[in-house]
Amino acid sequence: MFTASDFKEYTVLDTGDGMKLERWKNVCLARPDPQVIWEKQRPGLWENVDARYIRSARGGGSWEFLRGLPSKWTVSYKDLTFAVRPTGFKHMGLFPEQAANWDFMMQKIREANRPIRVLNLFAYTGGATVACIAAGAQVVHVDAARSMVAWAKENIELNGLSGRPVRFIVDDCLKFVLREGRRGNAYDAIIMDPPSYGRSDGGVFKVENDLFSLIRETAKLLSQDPLFFILNSYTTGLSSVVGADLLSICLPKGNVEAGDLCLPVQDQDVLLPCGTTTRWQP
């Protein structure tokens, strides 16, 4: 397991009945979580929620705001700061469990003591991008959603990193990877956070049909002196063993470790599972 236990401005307060109760700095939110199949442990805490996301029987859902909230605010992790806000698709623009990976990336980049080029695919709002740039790396940030790339640029500015070497690319990830291969470009570290299902100019991405070929092509971009390759997955039912097998098959022989990403629940001996991560190192 990889547990993000050092967050101060984000806390899971309780879980139960298919929901998680979270505090994002000073804002208390209740959001659905399909893996929470037990009952609430501290039901009294749920009375003070500021907003909750209500799933629709037709799919999707919407927010119910019980108190006035800012349109957006910031949450910090150690020396990193991120903009967050409730989106129409339940997310907040940040996955706090990824802090376990941010720590790993930053340590490896700093220990390398040389220029490191990072490719961040399906890079979303740039949590990993911010972490890698802050550690001294050059980053190419790729995502098919223009709005998410704009959000990532905002996070870069929030951290005072606007002058650092980063390229933002709005594109289908596989199309970009294939172009980079033809150009002969290489990267010392690669991060990949593919969706279970997605649409872009490159067509439809389905993890069960397309992930293997994407990893195989992306692995060709590793430099002669690679640092790491990280694969994240939020696809329900896709075991971390699958991630380990994919990297073992597609990448050069190395050390592969895989497991669940978790968040601790405040004052409880409970861990909230939040997807999986697989790390390859030479």
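User: How many residues does helix α1 have, and how does its reach compare with what is expected at 1.5 Å a residue?

Analyst: The expected span of a helix is 1.5 Å times one less than its number of residues, and helices (H or I, at least four residues) and strands (E, at least two) are DSSP runs numbered from the N terminus. Helix α1 (residues 99–112) has 14 residues and reaches 20 Å from its first C-alpha to its last, close to the 20 Å expected. This is a predicted model, in which local features need pLDDT of at least 70, side-chain atom pairs count only at pLDDT 80 or more, and totals for chains, interfaces and linings use all residues. Residues are numbered from 1 along each chain as its sequence is written, and side-chain values use heavy atoms, with hydrogens and water left out.

User: Which residues of α1 are buried, and what follows the helix?

Analyst: Buried means under 20% relative accessible area, exposed over 50%, and partly exposed in between (1.4 Å probe, protein chains only). In α1 the buried residues are Ala 99, Ala 100, Asn 101, Trp 102, Phe 104, Met 105, Met 106 and Ile 109. Asn 113 follows the helix, and its phi is positive, near 55°.

User: Is Phe 122 buried or exposed, and which residues does it contact?

Analyst: Phe 122 is buried, with a relative accessible area of 16%. Contact means heavy atoms within 4.5 Å; leaving aside neighbours within four places in sequence, Phe 122 is in contact with Val 142, Asp 143, Cys 173, Met 192, Asp 193, Pro 194, Pro 195, Phe 205 and Leu 214. The C-alpha atoms of Phe 122 and Val 142, which are 20 residues apart along the chain, are separated by 6.0 Å.

User: How should I read Thr 11 in strand β2?

Analyst: A strand residue can be read by its cover and its contacts. Thr 11, in β2 (residues 10–16), is buried with a relative accessible area of 14%. Not counting residues up to four places away in sequence, Thr 11 touches Leu 21, Glu 22, Arg 23 and Gln 266.

User: What do the buried residues of α5 pack against?

Analyst: Helix α5 (residues 207–219) has 13 residues that should span 18 Å, and its end C-alpha atoms are 17 Å apart, which agrees. Its buried residues are Val 207, Leu 211, Leu 214, Ile 215, Glu 217, Thr 218 and Ala 219, and they pack against β9, α4 (173–183), β12 (189–192), β14 (203–206), β15 (228–233) and α6 (240–250).

User: How many helices and strands are there in the protein chain, and why is it called as compact as a globular protein of that length?

Analyst: There are six helices and 17 strands. The radius of gyration is taken over C-alpha atoms, and the globule rule is 2.2 Å times the number of residues to the power 0.38. The protein chain has a radius of gyration of 19 Å, close to the 19 Å that the rule gives for 282 residues, so it is as compact as a globular protein of that length. Buried residues make up 51% of the 282 residues, and residues 24 or more positions apart account for 62% of the contacts with a separation of 6 or more.
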